[in-house]
Amino acid sequence: MQQNKITQAIRIQTERTPEMEHSTPMFLTSSFCFNDAENMRAAFADETDDNIYSRFSNPNVQELIDKVCALEGAETGYATASGMSAVFGSFMALLKQGDHLLACNSIFGSTHTVITKYLNRYGIAYSYINATATEQEWAAAIQPNTKMIYVETPTNPGLDILDLKMLGKLAKQNGIILNVDNCFATPLVQQPISFGADLVIHSATKWMDGQGRVLGGVIVGRKDLIKEIYAFCRSTGPALSPFNAWVLSKSLETLDVRMERHCNNALYLASALQHNSKIAFLKYPFLPTHPQYAIAQQQMQNGGGIICFELKDGLESGRKFLNALQMLSLTANLGDSRSIASHPASTTHAKLTEAERLAVGITPGLIRISAGLEHKEDILNDIEQALQQC
């Protein structure tokens, strides 16, 4: 019987043990046993899918992967210890000396560090292109040795929306891997593979967990590419712990209902705050004022759970705003059940130069709000009272 992907995220489950448990048990083991020498030999020869060692595979981890694949419409996947290990693994498994990476310039700060500080040590070149670049500009930026296009959409933290259909077409025409960080949207809001992406990456730490408990990363996509990523990660060791995988798998069972509340709250906040006298500008993908509103409407089911705005008086107002908040959390995370406020220029993107920050729209007074599950009026009231003190 064909099932909706939301049902699959709830019902995909590791085969029951003889104990007939209803909830998947935790397989907290470093290794797995074999009945005889031949079974053990076959497993190590990759002739079977039997578990060998939890750095390689684990039933809890596989259950999480299977659920994310169902949600994203992917062939297969691999799970890692964190979102950044997923990003790094996708680069190092598929890029080699002499290759070129073309990336959107508006990306997470740690990803920027990996690209600019470490890839060149392995002879991998890179170039950045503006998030608002046209199809012609993207095409012109592709080099003969371009092996991968890497983007986030919506971008972190500026919420620019990149046209996935256009990028998917360009990548296919040029034989290039399209690698999309879908963390901000989640597969409940956007499915990049349907627009031509070859790989989709998530920091499962964020919306997928949803309660700020555990770290995790997931890469899903084409089977041939995941095979290379698995081989690299199996040997280098960024394994997701079975406990974290169990937590994340259980969290996916409620991702749909949680994201509905997160996104509704974010739209409510954006609509209520967009004309506030203390705010110079506000961005939310599903507001008609967003520069890429039309693209967002085409490729997203809703606007996601993040809003961002610029305070009129810049850096000092940003500090005053954060210090005046009474309920919202100040923490280096997003996608939590509790609403979070952050100041990207001094936190997640602090390692960028001022020029680099400005080039991707991270202005001194930019505030990022991750809408939680609290009552929408309580979130708004805290933000508005803090704005009055700026």
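This is a predicted model: local features need pLDDT of at least 70, side-chain atom pairs count only at pLDDT 80 or more; totals for chains, interfaces and linings use all residues.
Seven strands make up an open sheet with mixed pairing, and their order is 1-7-6-5-4-2-3.

Strand 5 (residues 177-181) and strand 6 (residues 199-203) run parallel and are joined by three bridges. The bridge partner of D181 in strand 6 is I201. Helix 8 (residues 223-236) packs on the sheet, where it touches strand 1, strand 5, strand 6 and strand 7, and its direction makes about 25° with that of strand 1. Helix 4 lies across strand 1, strand 2, strand 4 (146-152), strand 5, strand 6 and strand 7 (217-221), and runs at about 150° to strand 6.

## D99, between helix 4 and strand 2

The loop between helix 4 (83-94) and strand 2 (100-104) contains D99. With a relative accessible area of 7%, D99 falls under the 20% limit and is therefore buried. The side chain of D99 reaches back to the backbone nitrogen of K96, at 2.9 Å.

When residues up to four places away in sequence are not counted, D99 touches L94, G123, I124, A125, N145 and K147.

## P154, between strand 4 and helix 7

P154 is placed in the loop that connects strand 4 to helix 7 (164-174). Its relative accessible area is 5%, so P154 is likewise buried. Leaving aside neighbours within four places in sequence, the contacts of P154 are L159, D160, I161, F184, A185 and M300.

A further relation concerns I306, which is 152 residues from P154 along the chain. The C-alpha atoms of P154 and I306 are separated by 9.3 Å.

## Salt bridges around K67

The model has a count of 14 salt bridges. One of them is formed by the side chains of K67 and E63, with an N to O distance of 3.9 Å. Both residues lie in helix 3 (residues 59-72), and because they are four residues apart, about one helical turn separates them. K67 and E63 are both buried, and the relative accessible area of K67 is 0%.

K67 also forms a salt bridge with E253, in which the closest N and O atoms are 3.4 Å apart. E253 lies in the loop between helix 9 (242-252) and helix 10 (255-273), whereas K67 is in helix 3, so this pair ties together parts that are 186 residues apart in sequence. In contrast to buried K67, E253 is partly exposed, at 27% relative accessibility.

E316 and R319 form a salt bridge with the closest N and O atoms 3.3 Å apart. The two residues are three apart in helix 12 (residues 314-324), and so about one helical turn separates them. Both partners are partly exposed: the relative accessible area is 42% for E316 and 44% for R319. Elsewhere, salt bridges with shared partners join E63, K67, K250 and E253 into one network.

Terms used. Residues are numbered from 1 along each chain as its sequence is written. Side-chain values use heavy atoms; hydrogens and water are left out. Buried means under 20% relative accessible area, exposed over 50%, partly exposed in between (1.4 Å probe, protein chains only). A polar contact is a pair of N or O atoms within 3.5 Å; within protein, one must be able to donate a hydrogen and the other to accept it, and residues adjacent in sequence count only if both atoms are side-chain atoms. Contact means heavy atoms within 4.5 Å. Two strands pair if DSSP finds at least two bridges between them. Axes are lines fitted to C-alpha atoms, for helices over the stretch in contact, and angles run from 0 to 180 degrees between N-to-C directions. A salt bridge is a side-chain nitrogen of Lys or Arg within 4 Å of a carboxyl oxygen of Asp or Glu.
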